[in-house]
Amino acid sequence: MTELPETMTADAADRTTWMRRYTLDPALAEEFVEFLARDVFPAREGRGFTVESVWLDDDKSQLTWFVSRLGDSAEFAAAERAWEESDERAEIFAGTPKYVTDKDVREVTRLR
């Protein structure tokens, strides 16, 4: 394997990262990005998650973001379940349009 020129941050080995890729209704993409930034990301960060980066493709049909948290896979999964089942999340998403039509969520490992 090629040696990578950049090093990972000091705590990267102690973090678990998930990629979240959403297929979107392009007509709602900009509204969804604003909703995430205003409501979802701050709530998740308040629960110990770190939003690493957010990417929107040019035709606004897919949004990909990476979220990490200190701890191993099991600890991340437990925190994710707690967020998914929380009243806070339910309140945030209550009455929102169906921004996401499909999603791919998986654990990933940062190489560079």
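In this predicted model, the charged end of R89 sits over the ring of F93, with 4.2 Å to the ring centre. A second contact of this kind involves R69, whose charged end sits over the ring of F49 at 5.3 Å from its centre. F93 belongs to a cluster of aromatic residues linked by ring pairs, and R89 and F93 are both among the residues nearest the centre of the second largest pocket. The protein has three helices and four strands, and their order along the sequence is β-α-β-β-α-α-β.

**Aromatic pairs**

- The whole structure contains nine aromatic pairs.
- One of them is formed by Y22 and F32, with 5.9 Å centre to centre and 55° between the planes, a tilted arrangement.
- Y22 is in strand β1, residues 15-24, and F32 is in helix α1, residues 29-45, so this pair ties together parts ten residues apart in sequence.
- Y22 is buried at a relative accessible area of 7%, and F32 is buried at a relative accessibility of 3%.
- F32 also pairs with Y99: the ring centres are 4.9 Å apart and the planes lie at 35°, so this pair is tilted.
- Y99 is in the loop between α3 (87-93) and β4 (100-108), while F32 is in α1, so the pair ties together parts 67 residues apart in sequence.
- Both F32 and Y99 are buried.
- The cluster joined by ring pairs consists of Y22, F32, F35, F41, W65, F93 and Y99.

**Second largest pocket**

- The space in the second largest pocket comes to about 230 Å³.
- Its lining has 17 residues, and Y22, F32, R89, F93 and V100 are the ones nearest the pocket centre.
- Two or more lining residues come from each of β1, α1, α2 (73-84), α3 and β4.
- Helix α1 gives the most to this lining, with four residues.
- By class, the lining of the second largest pocket divides into ten nonpolar residues, six charged residues and one polar residue.
- Y22, F32 and F93 belong to the aromatic cluster and also lie among the residues nearest the centre of this pocket.

**Strand pairing**

- β1 runs antiparallel to strand β3, residues 62-70, and nine bridges join the two.
- Across from R21 in this pairing stands T64 of β3, and across from T16 stands R69 of β3.
- β1 also pairs with β4, in the antiparallel sense and over eight bridges.
- In β4, E107 stands opposite W18.
- Strand β2, residues 49-56, is joined to β3 by seven bridges, and these strands run antiparallel.
- F49 has R69 of β3 as its bridge partner, and the charged end of R69 sits over the ring of F49.
- R69 also stands opposite T16.

**Hairpin of β2 and β3**

- Five residues lie between the two strands of this hairpin, and K60 takes a positive phi near 60° there.
- K60 has this positive phi although it is not a glycine.
- K60 is placed in the loop between β2 and β3.
- The relative accessible area of K60 is 26%, and the residue is partly exposed.

**Burial**

- Of the 112 residues in the protein, 31% are buried.
- Eight of the ten residues of β1 are buried, so this strand is largely enclosed by the rest of the structure.
- β1 is joined to β3 by nine bridges and to β4 by eight.
- Y22, which is buried, lies in β1.

Conventions:
Residues numbered from 1 in each chain as written. Predicted model: local features only at pLDDT ≥ 70, side-chain atom pairs only at ≥ 80, totals over all residues. Heavy atoms only, no water. Phe/Tyr/Trp six-rings, centres within 6.5 Å; stacked < 30°, edge-to-face > 60°. Buried < 20%, exposed > 50% of the residue type's maximum accessible area, 1.4 Å probe, protein only. Lys NZ or Arg CZ within 6 Å of the ring centre and 35° of its normal. 1 Å grid on protein atoms, 1.4 Å probe; cavity = no way out; pocket = protein on both sides within 12 Å on 5 of 7 lines; lining within 4 Å. Points joined across faces, edges and corners; volume = space filled by probe spheres on them. Nonpolar A, V, L, I, M, F, W, Y, C, P; charged D, E, K, R; others polar. Pairing = 2+ DSSP bridges.
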